[in-house]
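Hi everyone, thanks for coming. Let me put the structure up on the screen, and then we can walk through it together.

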Number of protein chains: 2
Amino acid sequence: MVAKLLDGKKLAMEIRTHLKQRVQELKQKGVTPKLVVILVGNDSASRIYVRNKHRAAQKIGIETKDIELPQEITENELLAYVKKYNEDDSVHGILVQLPLPAQINAEKITHAIAPAKDVDGFHPVNIGHLFMNDPHALPCTPHGIMQFFKKYNISLMGKHAVIVGRSNIVGRPMAAMMLNNDATVTITHSKTKNLSELTRQADILIAAIGQAEFIKKTDVKPGAVVIDVGMNRNDKGKLVGDVDQKEVAEVASYLTPVPGGVGPMTIAMLMEQTVKFAERGVQNVDGEVSNG
Amino acid sequence: MVAKLLDGKKLAMEIRTHLKQRVQELKQKGVTPKLVVILVGNDSASRIYVRNKHRAAQKIGIETKDIELPQEITENELLAYVKKYNEDDSVHGILVQLPLPAQINAEKITHAIAPAKDVDGFHPVNIGHLFMNDPHALPCTPHGIMQFFKKYNISLMGKHAVIVGRSNIVGRPMAAMMLNNDATVTITHSKTKNLSELTRQADILIAAIGQAEFIKKTDVKPGAVVIDVGMNRNDKGKLVGDVDQKEVAEVASYLTPVPGGVGPMTIAMLMEQTVKFAERGVQNVDGEVSNG
């Protein structure tokens with residue numbers, strides 16, 4: 001078997017094209033989706049991320065406002081910015097780029113974002129709704145992964161999904177989304193014993209570990225769908241995933257490449273959520289109810 | 001092997017004794033823990049539950065206020081009661097007994113309870129914190145189950161916990177608690193294929209299915225810890241669990257009986273959470289920080 005690659009670049013482009021239309025329709029109703037991105041300090045990686053988000057938004061027609069704040073800002077000053085945009089009805093999504101400087105409690109900031117504008121889907125009330133199978137806003141990386149299953153008609157019902165990694169931004173919300181879609185779900189992590197015994201049972205294997213090429217061919221059941229969330233540099237400085245792509249491609253039925261797999265989907269989902277929030281506003285004005 | 005029984009009656013009594021002391025200490029600081037229980041209509045089972053909660057509270061020294069409201073009450077009228085007790089500083093816990101009459105959206109009511117007074121632990125923001133491994137309030141049934149592992153020194157780290165059932169009040173929060181305590185967690189449900197193959201891998205098996213004596217000896221790995229959350233009537237009208245107790249006792253190392261296992265722990269945990277909320281109030285006055 002040689003795995004079919006799940007092309008995240010192509011799928012993200014299709015999603016963007018569709019989003020462009022949705023933004024057009026919103027604009028005809030007098031609404032321009034608007035995303036506020038708050039960047040504190042001069043972290044160069046953060047700067048690149050923010051620029052990428054800005055560009056993606058522009059292409060689709062989403063208005064962005066980048067707020068650049070000094071490294072020395074206090075927690076209360078930063079909270080005041082969040083509050084300001086929480087209350088600004090023209091703003092549909094708010095995102096505070098992480099990491100934040102040491103004097104600021106990052107959780108306090110992200111939890112201060114109004115849940116209805118929480119485009120990252122990290123607010124506890126949104127995580128709670130997701131785990132109660134009543135999602136209002138979704139963390140972008142696992143939400144992006146779900147799009148592959150839709151696009152490639154990969155059924156989840158009754159399938160055994162094994163997730164390696166239990167982070168708050170990937171592993172845990174991924175588990176909720178798989179469970180909400182009727183998969184049987186196993187969550188494994190650094191304390192798991194006999195990991196390979198479990199991964200070999202997976203119909204769908206999701207690797208979100210943060211270790212270069214950790215998942216080998218012998219960890220994968222022949223015919224499994226393998227999702228590689230990793231973005232690591234190997235010894236030679238090359239960008240590689242959490243999956244040994246060359247080996248695993250020989251046994252998996254589907255595999256997301258790195259780069260060009262999960263990565264491009266994350267920003268696409270951020271845009272999708274911003275548009276969705278803007279649409280909700282319009283629907284609410286029309287008197288309709290929407291829970292996403 | 002003949003399983004050791006995990007005695008919920010005895011453990012609940014120990015917990016109550018300890019709670020009594022904590023309540024005494026609170027009273028010495030001038031605080032009496034107070035639980036408001038709202039009962040709508042005349043459902044006889046609900047009436048019994050409310051009476052049991054009332055009695056358990058009295059024994060410990062928790063003050064309860066039972067609010068009985070007519071079957072025909074409107075949603076807004078009921079919300080006004082919730083709001084009143086949310087704002088009453090002498091009240092530490094609020095509980096609305098379910099089910100509610102058809103004209104009332106139960107979710108809207110339970111989500112209106114202030115998260116800091118949510119003794120049932122069902123508010124989305126509390127569920128979110130739990131799933132982000134930063135628990136503020138815990139659903140009582142899975143929280144009660146956790147007490148058995150503590151009491152009987154059953155280590156969870158690296159153990160494979162298999163949960164049968166994915167309800168919002170047992171299966172899902174149970175999964176979060178096990179994961180937060182370093183178990184590897186599998187969540188199975190009605191759509192799971194080859195269920196027995198999965199349950200036989202469990203070091204710790206939690207049955208929360210709602211089907212009489214569903215789990216048989218052949219579903220259990222010898223030496224497993226088996227937790228039976230079920231409360232069903234069998235053909236003969238006898239109260240039985242989700243586990244075939246007689247058969248499974250032959251292979252499990254530990255087993256919770258039905259009745260007298262998980263059941264008594266649920267009310268004990270409701271009391272514990274009420275006391276904890278009251279203690280938080282005192283700590284906050286003292287200027288300490290507590291996240292439970």
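Let's begin at A:Glu279, which sits in helix α10 of chain A, residues 262–286. Helices here are DSSP runs of H or I with at least four residues, strands are E runs of at least two, and both are numbered from the N terminus. Leaving out residues up to four places away in sequence, A:Glu279 touches A:Arg22 and A:Leu26, where contact means heavy atoms within 4.5 Å. With A:Arg22, the side chains also make a polar contact at 2.8 Å. By polar contact I mean a pair of N or O atoms within 3.5 Å; within protein, one must be able to donate a hydrogen and the other to accept it, and residues adjacent in sequence count only if both atoms are side-chain atoms.

A quick word on the ground rules. This is a predicted model, so local features need pLDDT of at least 70 and side-chain atom pairs count only at pLDDT 80 or more, while totals for chains, interfaces and linings use all residues. Residues are numbered from 1 along each chain as its sequence is written, chains are lettered from A and ligands numbered from 1 in the order in which they are written, and side-chain values use heavy atoms, with hydrogens and water left out.

Now, salt bridges: a side-chain nitrogen of Lys or Arg within 4 Å of a carboxyl oxygen of Asp or Glu. Over all chains, the structure holds 22 of them. One joins A:Lys151 to A:Glu14, at 2.9 Å from N to O. That pair links distant parts of the chain, with A:Lys151 in helix α6 and A:Glu14 in helix α1 (residues 8–28), 137 residues apart.

What about aromatic pairs? Rings of Phe, Tyr and Trp (its six-membered ring) pair if their centres lie within 6.5 Å; planes under 30 degrees apart count as stacked, over 60 as edge-to-face and the rest as tilted. A:Tyr152 and A:Tyr254 have ring centres 5.9 Å apart and planes at 65 degrees, so this pair is edge-to-face. A:Tyr152 is in the loop between α6 and β5 of chain A and A:Tyr254 is in strand β11, so the pair ties together parts 102 residues apart in sequence.

On to the sheet. Twelve strands form an open sheet with mixed pairing, in the order β1(A)-β11(A)-β8(A)-β7(A)-β5(A)-β6(A)-β6(B)-β5(B)-β7(B)-β8(B)-β11(B)-β1(B). At its edges are β1 of chain A and β1 of chain B, each pairing on one side only. Two strands pair if DSSP finds at least two bridges between them. In chain B, two bridges join β8 and β11, which run parallel, and B:Val225 stands opposite B:Tyr254. Between the chains, three bridges join β6(A) to β6(B), and these run antiparallel. There, A:Val185 stands opposite B:Ile187.

B:Met132, B:Arg172 and B:Leu179 supply 21% of what chain B buries against chain A, more than any other three residues.

Finally, the rule finds two salt bridges across this interface. A:Asp182 forms one with B:Arg166, their closest N and O atoms being 2.8 Å apart.

Technical notes
Buried area is the accessible area (1.4 Å probe) that two parts lose on being put together, summed over both.
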